[in-house]
Amino acid sequence: MLPESEITRVLVVTAHPDDADFGAAGSVALFADRGVEVTYLLVTDGDAGGNDRALDHSGMAELRRAEQAAAAKCVGVSDLRFLGLPDGTVVPSPDLRKEIARTIRQVRPELVITHHPERNYQFIAPSHPDHRAVGGATLDAVYPDARNPYAFPDLLEEGLEAWTVREVWLMGGPTRNHWVDITPVLDRKLAALQSHTSQVGHVEGFVETVRGRLATWARQAGLPDGHYAEGFQVVDTA
C-alpha cells in the first residue's frame, strides 16, 4: 500500500450524492485533517433519489447538490464536481471514461476512491447499477485511459498530460482487505450522512444502524470494542 506520507491528493468518484459519505467520509476526514487535498467527482445529481417526490427531478437534483456540499464541508472537502448524468441510467461508456480521465489528469491524485464494480451478494445496498457502472468506468479511466497519452488525444490538446494513479480503494465490495479506524472522526461522518436529509431523514434509527455496521466492520478489522471502521479493497494501479 501507499505510505500515508506519499498521499497528497485524493479523488473520490461516486455515482450519487451521499455515496462518498456512506462509503468513505471517515477516511476522507482523516485525509483532510492531514492536509491532503480531496476532490469529489459525482457522476449524477441524484435526481431520481429521495423519499418525498414533492419535488420534480430538477428540484431534487438542486436539493441533493446542496446536501452534498453541506456533507462535504463536515469532512473538510470544498472541491466538488458534478457531471450531471441522469440518475439510474449510468453505463460505463467511453464518454464517461473520458470525463473521469479528464478529472484524474486535472487533479493528479495518487489515490482514487470509488465504487466496487461487482455486485455484493452479502450486502446488496452498495450494488446499485449506477455504483457498479461508475466503479467500472473509473477503473478503466485509471487504467489505461488517464495514463495513456494516446487515449482521448483531445485531452492533451486541453493541456492535460497523462497521469498514473498509484492506488485505488474500492467501496462496498465483498472482499475488503483494508480497514481504516475512523473512531476519532465518527461524529463528522455521521454529520455528513445526516446532511442528506432527503435520503435519510425518514429512516428510523438511522444513526444507530450506521454505528452498528461500522462497529461490526471494526470487529472484523480486529479493533477493540468501542471502535468504528470503514473497509475497502485496495488495488495497486501503479
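I'm working from a predicted model, where local features need pLDDT of at least 70, side-chain atom pairs count only at pLDDT 80 or more, and totals for chains, interfaces and linings use all residues. Residues are numbered from 1 along each chain as its sequence is written, and side-chain values use heavy atoms, with hydrogens and water left out.

Next I checked the span. Helix 1 covers residues 19-33, 15 residues in total, and reaches 21 Å from its first C-alpha to its last, close to the 21 Å expected at 1.5 Å a residue (1.5 Å times one less than the number of residues). I then looked just past helix 1 and found Gly35 with a positive phi of about 90°.

Why is helix 1 largely enclosed by the rest of the structure? I found 13 of its 15 residues buried, so that explains it (buried means under 20% relative accessible area, 1.4 Å probe, protein chains only).

Then I zoomed out. I get eight helices and seven strands in the chain (DSSP runs, H or I of at least four residues for helices, E of at least two for strands, numbered from the N terminus). Of the 238 residues of the chain, 51% count as buried. I also looked up contacts (heavy atoms within 4.5 Å): among those with a separation of 6 or more, 80% come from residues 24 or more positions apart.

How values were computed
Buried means under 20% relative accessible area, exposed over 50%, partly exposed in between (1.4 Å probe, protein chains only).
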